[in-house]
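Colleague: Please take a close look at the charged side-chain pairs in this model. Which ones qualify as salt bridges, and where do they sit?

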Amino acid sequence: MNKLIQNEMMKLIAKKRLVVIAIIIGILVALFTYAQFKENERQREKLGTDDWRTIIQQTIIDQQNRISSPRISDEWKQQLQIALQQNQYYLDHDINPSEPGAPTFMRIFLENSIELFIPLMVMVIASDIVSSEHSQGSIKLLLTRPVKRWKVLLSKYITLILAISLIVAIAGLLSYSISGLVFGYKGWGAPVLTGFSVTDAGLNTASVKLIDQWQFLLMDFGLVWLVAIVVGTLSFMLSVLIRSTAAGMGVMLAALISGAILSNMVSSWESAKYFFMVNLKLTNYMNGNPPPIEGMTLSFSMMVLLIWWAAGLFVSFYVFTKKDVY
């Protein structure tokens, strides 16, 4: 098994896709760092200060003005009201939600990448790992070895897990190292509030607790890794079912994009909460953002994702061990 995994890793490295992914992440992190820097400058010029309390107070005033506008929907007003209450809670407890520094940038980058960007990077690897063997004609040679089919596929899946873990680590490392050049590398011990929940009455702060930023980041990394594994497994399944890499990537790309759209449009379609792509933004539960559909919780979304993961893994191994190769 070790030799099979080593062989798969050598094939993955030879394709240089991890290098390309690292370059893409590095470029985007640099762009986002610059955008954040310019936004901080704009706020400083507008308010005449970089004091976070003044910025939060101005944000609350802007949110109050938008809530009073008759041109926005009741659903959007509710979301603004929750965000306003959260900002007021930060002010009342003297907690800066955006403590300057690379750790804060890394946290925000991961939270904004969990739903689409990192899954897309994972999809590039996973959609090709089996289907490429068919397109190159090497699948027959691979299966003529005196090794059971499930072991061959398991070695590919373990390789995929290693690659996914590396992608998540690269995203964290590059976002920290690049943004630190601009914002500094301090802030690991900054206080972060978590435990917000949304009820019919608005924002519930009964379970809110204060933790260090490094602890919050560990939880964020765990949730991002889980989402990446689920998306990678489903892409892996498509790679087994569909012999064309382009077709498999197209199907998963459509699913991910539709999920990003559905998350903002399915509040009244309760059955949509069982789609894996509606449950990808797990970090929203950590921040107290309202779920796409009322009643959804972190444990529910994780359970849905684990069911999809198990189903994708079962289908992959069943089909690969049973189907004829020609």
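Modeller: Start with the cut-off. A salt bridge here is a side-chain nitrogen of Lys or Arg within 4 Å of a carboxyl oxygen of Asp or Glu. The model is predicted. R53 and D94 meet that rule, with their closest N and O atoms 2.9 Å apart. R53 is partly exposed, at 34% relative accessibility. D94 is partly exposed too, with a relative accessible area of 45%.

By this rule the model holds six salt bridges. Another one joins D128 and R17, at 3.5 Å from N to O. This pair links distant parts of the chain, 111 residues apart. D128 is in the loop between helix 6 (117-126) and helix 7 (131-136). R17 is in helix 2 (residues 17-47). The cut-off for buried is under 20% relative accessible area. K15 joins in as well: K15, R17 and D128 are linked in a network of salt bridges.

Helix 2 also has a local pair. R42 and E39 lie there three residues apart, about one turn of the helix. Their closest N and O atoms are 2.8 Å apart, and they form a salt bridge. R42 is partly exposed at 43% relative accessibility, and E39 is partly exposed at 29%.

K273 lies over the face of F300, at 5.3 Å from the ring centre.

That leads to the aromatic side chains. Ring pairs need centres within 6.5 Å, and the count comes to ten aromatic pairs. In one of them, F314 and Y318 have ring centres 5.9 Å apart and planes at 20°, so the pair is stacked. Planes under 30 degrees apart count as stacked. F314 and Y318 are four residues apart in helix 13 (residues 298-322), which puts about one helical turn between them. F314 is exposed, with a relative accessible area of 58%. Y318 is partly exposed, at 47%. Elsewhere, F32, F105, F109, F117 and F183 form one aromatic cluster.

Definitions and conventions: Residues are numbered from 1 along each chain as its sequence is written. This is a predicted model: local features need pLDDT of at least 70, side-chain atom pairs count only at pLDDT 80 or more; totals for chains, interfaces and linings use all residues. Side-chain values use heavy atoms; hydrogens and water are left out. Rings of Phe, Tyr and Trp (its six-membered ring) pair if their centres lie within 6.5 Å; planes under 30 degrees apart count as stacked, over 60 as edge-to-face and the rest as tilted. Helices (H or I, at least four residues) and strands (E, at least two) are DSSP runs, numbered from the N terminus. Buried means under 20% relative accessible area, exposed over 50%, partly exposed in between (1.4 Å probe, protein chains only). A charge sits over a ring if NZ of Lys or CZ of Arg is within 6 Å of the ring centre and within 35 degrees of the ring normal.
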